[in-house]
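User: Hi, I have a protein model open and would like to go through it step by step. Could you start with the pockets?
Analyst: Gladly, here it is.

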Amino acid sequence: MTEIARSSGEAERDLLARALEVIEKGQAAAARQANLALTLTFWRLGRLVGEELLGSERAAYGEQIVVSLGRQLVEQYGRSYEEKNLRRMIQFAQQFPDEQIVVSLGRQLSWTHFRALLPLKTPEARAFYVQEAVSQGLSVRGLRQLIARKGYERREIANAQIVGESAVPRDVFRDPYLLDFLGLEDTFLERDLEAAIIRDMEAFLLEAGNGFAFVERQKRMIIDDDDYHLDLLFFSRPLRRLVAVELKIGKFKAAYEGQMKLYLKWLDRHERREGEEPPIGLILCTAASREQIELLEMHKDGIAVAEYWTALPPKAELQARIQQVYEAAAERVASRELEASSEREDAE
């Protein structure tokens, strides 16, 4: 009887587990459908009101429409339809004009996700953050943090190193890296930074990019009977290649280029497996010495350089610092393109 009772109890627990799974899947599906319906309602309402405003001959009359409509809708459906939210809906329909795209994204992103995207200035930035939110399954909080940390701008700064023929793929690295999560003081040793990154590898990998797998710390290389040690070695699944990382305190020095080239050559000869692409390198420094980096053109040899910050500055200061670096990078790229264009004209 005891075995029968035990068997009956196990069967009942198994049935309960399967019943809970069915219910939870149904609830999740219902939540997704409800979210999509809400997102589409807001998009269609925004398009409707936006088209009405475009048809208005006087701007003042258009403003009056939004205020009046918002007041009436609040009385019937609540504060979700107040004036400021109506304006968000109009902006939403303008920034995402294709309903089918909204339907597709609405299955993965909530209305609150879209609200976080509305203040972005360019379609390129919105496309970047949408892709990151979808591919990484970011929560609304995670998306807002990525936007606050200027993920798009930092990727563009890193890409500014890559002009013309390059062995470094675009959109892989960021510059600067924000390593505020490491909990380091203002003064520290390289080994402290390395140890801190190892302790919080997941957060670092999110900064470095998707699909990075940790391989080895202090990778030993024997060259001409001398021992060399690479700080960190990763493997990127999307890129199908090893990624070597060196951590440096202080400004970038030209000598770091030769050291990284040596490491990449060794990895290519001894660690690269069949079907993999050649290894690439990332040098992290406190300050990037951007003119030296530009002159050395290390991207052609598969090497990128980026700054790292161990503390996240106030939002306004962060924005100003990122914008300053971003503008300088854009200016360098424009200057090189102008020089290349002039050379082509002279050749013709």
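Analyst: The lining of the largest pocket receives at least two residues from each of helix H6 (123-136), helix H7 (140-148), helix H8 (151-159) and helix H13 (315-347). Helices (H or I, at least four residues) and strands (E, at least two) are DSSP runs, numbered from the N terminus. This is a predicted model, in which local features need pLDDT of at least 70 and side-chain atom pairs count only at pLDDT 80 or more, while totals for chains, interfaces and linings use all residues. Residues are numbered from 1 along each chain as its sequence is written, and side-chain values use heavy atoms, with hydrogens and water left out.

User: Which element gives the largest share of the lining of the largest pocket?
Analyst: That is H13, which contributes 6 residues. The lining has 20 residues in total, and Leu120, Ile147, Lys150, Glu153 and Gln319 lie nearest the centre of the pocket. On a 1 Å grid over the protein atoms alone, a cavity is a set of points where a 1.4 Å probe fits but cannot get out, whereas a pocket is an open set with protein on both sides within 12 Å along at least five of seven lines, and lining residues have an atom within 4 Å of a point.

User: What volume does the largest pocket have, and what classes of residue line it?
Analyst: Its volume is about 590 Å³, where grid points are joined across faces, edges and corners, and a volume is the space filled by probe spheres set on the points. The lining divides into 11 nonpolar, 3 polar and 6 charged residues. Here Ala, Val, Leu, Ile, Met, Phe, Trp, Tyr, Cys and Pro count as nonpolar, Asp, Glu, Lys and Arg as charged, and the others, Gly among them, as polar.

User: And what about the second largest pocket?
Analyst: The second largest pocket has a volume of about 490 Å³ and is lined by 18 residues, with Gln145, Leu146, Arg149, Leu206 and Glu207 nearest its centre. Two or more lining residues come from each of H6, H7, helix H10 (201-208) and H13, and the largest share, 4 residues, belongs to H7. By class, this lining holds 9 nonpolar, 3 polar and 6 charged residues.

User: Okay, changing topic: how many helices and strands are there in the protein chain?
Analyst: The protein chain has 13 helices and 6 strands. Of its 348 residues, 42% are buried, where buried means under 20% relative accessible area, exposed over 50%, and partly exposed in between (1.4 Å probe, protein chains only).

User: Lys219 is a lysine in a strand, so is it buried or exposed?
Analyst: Lys219, in strand S2 (residues 212-223), counts as buried because its relative accessible area is 9%. The side chain of Lys219 makes a polar contact with that of Glu216 (3.4 Å); a polar contact is a pair of N or O atoms within 3.5 Å, and within protein one must be able to donate a hydrogen and the other to accept it, while residues adjacent in sequence count only if both atoms are side-chain atoms. Leaving out residues up to four places away in sequence, Lys219 touches Tyr228, His229, Leu230, Leu233, Trp266 and Glu271, with contact meaning heavy atoms within 4.5 Å.

User: What does Glu246 touch?
Analyst: Not counting residues up to four places away in sequence, Glu246 touches several residues, among them His229, Leu230, Tyr263 and Leu284. Glu246 is in strand S4 and is buried, with a relative accessible area of 3%. Its side chain also makes a polar contact with the side chain of Lys248 (3.2 Å).

User: Which phi does Gln218 have?
Analyst: Gln218 has a positive phi of about 50° although it is not a glycine. Most residues other than glycine have a negative phi. Gln218 is found in strand S2 and counts as partly exposed, at 31% relative accessibility. Arg240 also has a positive phi, of about 55°, without being a glycine, and lies in the loop between strand S3 (226-236) and strand S4 (241-247).

User: Last one: where is Pro313?
Analyst: Pro313 sits in the loop between strand S6 (303-309) and H13, and is buried, with a relative accessible area of 11%. The C-alpha atoms of Pro313 and Leu178 are separated by 9.8 Å, although the two residues are 135 residues apart along the chain.
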